[in-house]
Amino acid sequence: MAYILNIETATTNCSVSVAKDGKTIALKEDYDNGYSHAEKLHVYIDEVLKEAQIEKQQLDAVAVSKGPGSYTGLRIGVSAAKGLCFALEVPLIAVSTLEALAHQVEAESGLIVPMLDARRLEVYSAIFNSDYQEVRAIEAQVLDENSFSEYFKANKVYFIGNGVKKTMDLIKSENAFFIEEKLPSANEMSALSFEAYKKSNIQDVAYFEPFYLKDFIALKSKK
């Protein structure tokens, strides 16, 4: 039996779950209040542990969504996960943000494209088949009307994530299906982190860094 705490802060959804053997037994998240992770994350951790009726010392591992996503959000989540791993002396597991998002789609066939908004017409995206096997690796791509066109010829393609709205405005295909207003959640991390735990696929707590995909650029204030 393994208890794993899952932390997802790559987008505006501050999401935390406790899983027992890969199944979510407690979940707390907030889609609607912007990037409030610094204020809410540790409160949510305490709340899910209480709901799961376990103590921190009973955790067997801590998993964190590794990105891509918000630079600040990822750093907050990873810092919290590392702190818990150091204090509890448990392993750190990293879960792909886009892979977890893809698991919100259940399709008998076709392709799944999880995508996160990267401002303007750019998105972070990957492509998975209906068995959640990676077909195309994660990329930062600028969208246009021809994006993903080669995949529509023989497949239904399901787009999910907060990058979907801009995609809908550009891509017109009978084989394109859009699932709006979905964000990565710690709920889908539960099964993925447990699989990693069973395979001892863990990270070096001291040196692990989030997968930003692009370098952070600080903009000069207009004031």
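## Ground rules

Since the model is predicted, local features need pLDDT of at least 70 and side-chain atom pairs count only at pLDDT 80 or more, while totals for chains, interfaces and linings use all residues. Residues are numbered from 1 along each chain as its sequence is written, and side-chain values use heavy atoms, with hydrogens and water left out.

Helices (H or I, at least four residues) and strands (E, at least two) are DSSP runs, numbered from the N terminus. "Buried" stands for under 20% relative accessible area, "exposed" for over 50%, and "partly exposed" for what lies in between (1.4 Å probe, protein chains only).

## Two nonpolar cores

A nonpolar core here is a set of buried Ala, Val, Leu, Ile, Met, Phe, Trp, Tyr and Cys residues joined through side-chain atoms within 4.5 Å. The largest one has 28 residues, and the members that touch the most others are L5, I7, V18, I45 and V62. At least two residues of this core come from each of strand 1 (3-8), strand 2 (14-20), helix 1 (37-52), strand 4 (61-65), helix 2 (71-88) and strand 5 (92-95). As a bit of background, nonpolar side chains in soluble globular proteins tend to be buried together.

Take L5: its contacts (heavy atoms within 4.5 Å) include V16, V18, I45, V48, V62 and L84, leaving out residues up to four places away in sequence. There is also another core, lying apart from the largest one, with 14 residues that include L143, F148, F159 and I171.

Strand 4 is largely enclosed by the rest of the structure, because five of its five residues are buried. Both of its faces are covered, with A61, A63 and S65 buried on one side and V62 and V64 buried on the other.

Strands count as paired if DSSP finds at least two bridges between them. Strand 4 runs parallel to strand 1, with four bridges joining them, and N6 sits opposite A63. Strand 4 also pairs with strand 5 in the parallel sense, over four bridges; here V62 is opposite L92 and V64 is opposite A94. Strand 5 sends L92 and A94 one way and I93 and V95 the other, and all of these are buried.

Strand 4, helix 2 and strand 5 together make a right-handed β-α-β unit. "Right-handed" is used when, with the strands pointing away from the viewer, the path from the first strand over the helix to the second runs clockwise.

For C14, the nearest cysteine sulfur is that of C85, 17 Å away, and C14 is in no disulfide. C85 is in no disulfide either, its nearest cysteine sulfur being that of C14.

Both cysteines count as buried: C14 has 1% relative accessibility and C85 has 3%.

## R136, a buried arginine

R136 lies in strand 8 (residues 134-142) and is buried, with a relative accessible area of 13%. What does its side chain find to pair with? The side chain of R136 makes a polar contact with the side chain of Q141, at 3.2 Å, and a polar atom of the R136 side chain lies 2.7 Å from the backbone oxygen of S125. A polar contact is a pair of N or O atoms within 3.5 Å; within protein, one must be able to donate a hydrogen and the other to accept it, and residues adjacent in sequence count only if both atoms are side-chain atoms.

Leaving aside neighbours within four places in sequence, R136 is in contact with S125, A126, I127, Q141, F148 and Y151.

A107 sits in the loop between helix 3 (97-102) and strand 6 (111-117), and is buried at 16% relative accessible area. Beyond its neighbours within four places in sequence, A107 is in contact with S130 and Y158. A107 and Y158 are 51 residues apart in sequence, yet 8.5 Å apart in space, C-alpha to C-alpha.

L170 belongs to helix 5 (residues 164-170) and counts as partly exposed, at 24% relative accessibility. L170 touches L121, L143, D144 and E145, not counting residues up to four places away in sequence. Between L170 and L143 there are 7.7 Å in space, C-alpha to C-alpha, and the two are 27 residues apart in sequence.

Methods:
Disulfide = S-S within 2.5 Å.
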